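Hi,

Here is the structure I promised to pass on.

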Amino acid sequence: MNYAMAQNARFVNQGIIEFEKKINVYALIQDQAKKYPDNFWSAQALEQYQKNNPQFKTLKSELTFKNNQTFFNPLADESVSNSWLGNFATAKQNNIILTNLKSETSIIQKSVYEETYLVKDSVRKINWKITDEFRNIAGYDCRRANALIMDSIYVVAFYADAIPVSGGPETFSGLPGMILGVALPREHITWFATKVKDIEVTDAQLKVPSKGKPVNKKQLSDILKSALKDWGNYASDILKSADM
């Protein structure tokens, strides 16, 4: 039984959190169809996809944390799609991340199609606005915070004071407690914790990503922009995913 509930009988400084990422693929396809109304996004193709595939794609991951370090690790994608139509870059999990919250640095092993990069840089700075709204997630009372990332993407996050580690799934961090829920409403994506394991974590479990071409964030951005310069607006989903 987990005792770090509303009573705040104890604080959790280490453990493993199981997350589910859910993507509303129907909504993503509909958005793309509005942006690019050509034969590629025909009404027949959309209808056929909806007949043969679920509305939501669910992906699982684990966040291992201990004091000021977190290790985000996507688990194997067991979902099956009957069409390439829903193969969005944002509907995947491409990052393995070790974050040092004290030094505010991270090492990200990032897969972008056939290439793998090792991105070493500072953590994303997010200007959170904390609200008075609360929600219970995985047995923890969580407080809501809002922000904008990448200039225009609206983010809703819920963090737990009872886990006094300022981390979260993927590259989301910077709140006075562990982020157990994230929603990008306009991107049709959410991450929510399904279970918090209040257990001891060894240093060996906080693995250092090691595969890929070493780059920083700006170098990776320049590489991708150059590679995708002839893709026009279709490159936006790839660039957005790489920066998340």
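Let me start with one lysine: Lys-22 has a relative accessible area of 33%, so it is partly exposed (buried is under 20% relative accessible area, exposed is over 50%, and partly exposed lies in between, using a 1.4 Å probe and protein chains only). Its partner is Glu-20, and the two side chains form a salt bridge with 3.9 Å from N to O. By salt bridge I mean a side-chain nitrogen of Lys or Arg within 4 Å of a carboxyl oxygen of Asp or Glu. Glu-20 is partly exposed too, because its relative accessibility is 22%.

Before going further, the caveats. This is a predicted model, so local features need pLDDT of at least 70 and side-chain atom pairs count only at pLDDT 80 or more, while totals for chains, interfaces and linings use all residues. Residues are numbered from 1 along each chain as its sequence is written, and side-chain values use heavy atoms, with hydrogens and water left out.

Now the overall picture. The protein chain has four helices and twelve strands (DSSP runs numbered from the N terminus: H or I with at least four residues for helices, E with at least two for strands). Of its 244 residues, 46% are buried. If you take the contacts (heavy atoms within 4.5 Å) with a separation of 6 or more, 62% of them are between residues 24 or more positions apart. The accessible surface is about 13,000 Å², and carbon and sulfur atoms own 49% of that (Shrake-Rupley, 1.4 Å probe; for residues, only the protein chains shown count as cover).

The salt bridge count comes to nine.

Asp-132 and Arg-143 form one of them, with the closest N and O atoms 2.7 Å apart. This pair links distant parts of the chain, eleven residues apart: Asp-132 sits in strand β7 (residues 129-137) and Arg-143 in strand β8 (residues 140-149). Asp-132 counts as exposed because its relative accessibility is 66%, whereas Arg-143 is partly exposed at 24%.

The other joins the side chains of Arg-144 and Glu-133, at 3.1 Å from N to O. Here Arg-144 belongs to strand β8 and Glu-133 to strand β7, again eleven residues apart. And which of these residues is buried? Arg-144 is, with a relative accessible area of 18%; Glu-133 is partly exposed at 38%.

Cheers
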